[in-house]
Amino acid sequence: MSDPKPQAFGTGLIALDLVMSADPEAPVRSWAGGTCGNVLSILAYLGWDAYPIGRMNGDPASQRVKADMKQWGVRLDFAGCAPTSHTPIIIQEIRRGRDGAPTHRFSWACPRCGQWLPSFKAVTRHAVEAVAPKLAGSAVFFMDRLSRASLTLAAQASADGAVVVFEPSGKSDPKLFAEALRLAHVVKYADQRLAAVGGVMAEDSATLVEVQTLGAAGLKFRHRLGRGISAWKHLDAVPAPRVADTCGSGDWCTAGLVAKVAASGQKGLRAAGVEGIQSALRYGQALAAWNCGFEGARGGMYAIDRSALDAQIEALLSGRLETVPLEPRQKMRSTSIACPACPPDKPKERLSSAKIDTPARRKTSAA
């Protein structure tokens with residue numbers, strides 16, 4: 001009998017990403033996204049049982065998110081906790097600069113009616129009642145957006161031996177933020193506010209590993225696995241063989257770190273030691289570099305067979321920049337998603353039709 005898969009639970013931003021290619025003729029693609037959605041989907045791709053905790057209400061966007069996650073084996077038992085709500089929708093537009101380098105920007109407004117698209121809604125005490133009894137035996141609890149309920153679940157998971165991973169994103173309530181920093185065993189961020197104050201690790205926190213990402217310059221980390229807080233250690237970025245889009249690479253780095261050192265919870269993280277942490281971060285960086293070869297936060301998952309991933313990551317880590325496939329293994333499909341923000345007295349527009357004709361895309365097409 002094979003060993004059971006390690007389990008990860010997570011709550012935070014789980015959204016529908018509508019990805020607009022740098023190629024104006026390419027269809028708009030719709031995938032499950034958001035930091036939490038990506039990290040859990042990647043963990044499922046890497047062989048974990050991953051449980052997103054959300055409030056998806058069954059609208060077309062949530063149906064698409066669930067179908068996509070299910071494709072990768074994500075467990076959806078707690079994806080629709082009460083009270084349910086519309087699933088956030090985020091539009092990612094990829095462009096190419098004059099030098100050919102890709103950039104991307106995000107939009108949270110309907111490109112047709114101009115209204116705001118559904119935004120993030122945190123889970124409530126109803127999720128605590130449903131999920132808390134199931135956390136025993138989990139190895140990881142991930143969170144990126146905070147609420148009283150998410151912190152209650154994180155505390156329960158920690159008491160049960162899970163590694164709490166906190167990846168702060170944007171502004172949050174200062175009291176909840178401080179509590180999250182005290183609870184988390186792994187804190188990873190690119191937040192300049194945190195960098196400016198010299199980091200987050202403190203004597204009264206549970207933090208064992210702190211990771212500060214530096215974009216193309218790599219990352220630095222410090223730990224508390226020995227006596228006291230270590231000095232920062234810098235790791236250069238793993239060179240990317242091809243850069244089509246950098247979106248989501250941080251999520252791959254997080255998932256890679258977690259997959260390598262947290263499968264046995266807090267006990268495994270401590271046992272990994274400094275060498276294990278560094279090796280896991282290099283693995284995460286290689287996944288991040290590999291992901292840059294594809295458009296979308298997890299575009300590579302749709303482009304190559306899972307069986308080919310390990311060989312490509314090994315090649316990247318050994319400095320052999322093998323070319324990643326240029327063509328997807330399956331046709332990129334476009335799924336129509338109704339805009340719930342459009343006024344009810346008008347026919348529902350479709351956000352993900354063959355094209356979304358924004359002013360920026362018209363300009364690109366005319367160039």
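**Reading rings and a helix**

Colleague: Where is phenylalanine 106 found?

Modeller: Phenylalanine 106 belongs to strand S6, residues 102-107. Strands (E, at least two residues) and helices (H or I, at least four) are DSSP runs, numbered from the N terminus. Residue numbers start from 1 along each chain as its sequence is written. This is a predicted model, where local features need pLDDT of at least 70, side-chain atom pairs count only at pLDDT 80 or more, and totals for chains, interfaces and linings use all residues, while side-chain values use heavy atoms, with hydrogens and water left out.

Colleague: Is phenylalanine 106 buried, exposed or partly exposed?

Modeller: Buried means under 20% relative accessible area, exposed over 50%, and partly exposed in between, using a 1.4 Å probe and protein chains only. Phenylalanine 106 has 37%, so it is partly exposed.

Colleague: Which residues make the nonpolar surface patch?

Modeller: Patch residues have over 30% relative accessible area and no salt bridge, with nonpolar side chains joined within 5 Å and like charges within 9 Å. A salt bridge is a side-chain nitrogen of Lys or Arg within 4 Å of a carboxyl oxygen of Asp or Glu. Here Phe106, Trp108 and Trp116 make a patch of about 390 Å², with areas from the Shrake-Rupley method.

Colleague: How many aromatic pairs are there?

Modeller: Rings of Phe, Tyr and Trp (its six-membered ring) pair if their centres lie within 6.5 Å; planes under 30 degrees apart are stacked, over 60 edge-to-face, the rest tilted. The whole structure holds eleven such pairs. Among them, phenylalanine 9 and tyrosine 51 are stacked, 4.7 Å centre to centre with 10 degrees between the planes. They link strand S1 (residues 7-11) with strand S4 (residues 49-53), 42 residues apart, and both are buried. Tryptophan 252 and tryptophan 290 are edge-to-face, at 5.2 Å and 70 degrees.

Colleague: What span should helix H4 have?

Modeller: Expected span is 1.5 Å times one less than the number of residues. For the twelve residues of H4 (148-159) it should be 16 Å, and the end C-alpha atoms are 17 Å apart, which agrees. Glycine 161, with a positive phi near 100 degrees, follows H4.

Definitions and conventions
Accessible areas come from the Shrake-Rupley method with a 1.4 Å probe; for residues, only the protein chains shown count as cover.
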